[in-house]
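Here are my notes on this model, point by point. Please read them with the structure open.

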Amino acid sequence: MGRDFEWLWGSYAVSAAGTWLAFDAFPLIAILVLHSSPTEVSLLAAAGLAVGALVAVPLGPWVEVRRKRPVMVGMDFVRFVVIMSVPVAHALGQLTYAQLVVVSVVVAAANIGFNAASGASIKALVLREKLLQATGRFEATMWTATALGPPLGGAAVGVL
C-alpha cells in the first residue's frame, strides 16, 4: 500500500494507543489523587465524550478544507500537551477536578478531529482496490487500542 500509508498507519497506531492509554485513566486519577465523589467521577467519564462530540461538530467542516497531515499532527500535539498538563499540574500541586474535565473534553475533540483527517487521508494514499484492506487495518488498530489501552492505563496509574 506504500510507504506513505505505512507512516499514516503507524502514526495512527501510536495516537490511538496513547489516547486510550490516558483517556480512561482520568477517573482513576480523580478517585486516587483528587478523592472525587462517585458523582464527580461519573460526570468526568460522561463529559469527555459528550462535550468532546459537541465541540467536534464544527471540526468536520474545518477539517474538510484543510490539508490532512497538518491537522493530524496538530491534533496529536494538542492531545499531548493537554494530557501532559495533568502530571505537570500534579507535580506542582495544582491539579484540579476542573482541569481533568477540560483535558478529557479536549482529548475527545482532538481525537475526533484526528480520526476525521486520517480517514480522509487513507482515500488519498491508497488505491481504490486496496481501500478495504487499509480501512480494515485502521479499524483493527483502533479496536486493539480501545481494548488494551484502558486496562494498561489503569495499571500505569496504579504503578505510578
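Which residues does the UniProt annotation "transmembrane region" cover?

1. **Annotation.** The unreviewed UniProt entry places "transmembrane region" at residues 12-35, 41-59, 71-92 and 98-122. Positions follow the numbering used here, feature names are shortened, and annotations may be inferred rather than shown by experiment.

2. **Ground rules.** This is a predicted model: local features need pLDDT of at least 70, side-chain atom pairs count only at pLDDT 80 or more, and totals for chains, interfaces and linings use all residues. Residues are numbered from 1 along each chain as its sequence is written, and side-chain values use heavy atoms, with hydrogens and water left out.

3. **Two of the annotated spans.** Residues 98-122 are 100% helix and 0% strand, with end C-alpha atoms 36 Å apart. Residues 41-59 are 89% helix and 0% strand, and their end C-alpha atoms lie 27 Å apart. Helices (H or I, at least four residues) and strands (E, at least two) are DSSP runs, numbered from the N terminus.

4. **Salt bridges.** The count is 2, taking a side-chain nitrogen of Lys or Arg within 4 Å of a carboxyl oxygen of Asp or Glu. Glu 6 meets Arg 137 at 3.3 Å, N to O. This pair links helix α1 (residues 3-23) to helix α7 (residues 131-159), 131 residues apart. Arg 79 meets Asp 76 at 2.3 Å. Those two are 3 residues apart in helix α5 (residues 68-91), so about one helical turn separates them.

5. **Burial of Arg 79.** Arg 79 is buried, at 2% relative accessible area. Buried means under 20%, exposed over 50%, partly exposed in between (1.4 Å probe, protein chains only). Arg 79 also lies over the face of Phe 114, 5.0 Å from the ring centre. The rule there is NZ of Lys or CZ of Arg within 6 Å of the ring centre and within 35 degrees of the ring normal.

6. **Aromatic pairs.** There are 4. Rings of Phe, Tyr and Trp (its six-membered ring) pair if their centres lie within 6.5 Å; planes under 30 degrees apart are stacked, over 60 edge-to-face, the rest tilted. Phe 5 and Phe 138 are tilted, at 5.9 Å and 50°. Phe 5 lies in helix α1 and Phe 138 in helix α7, so the pair ties together parts 133 residues apart in sequence. Tyr 12 and Phe 114 are stacked, at 6.1 Å and 20°. Both Tyr 12 and Phe 114 are buried.

7. **Cluster.** Phe 5, Trp 9, Tyr 12, Phe 114 and Phe 138 form one aromatic cluster.
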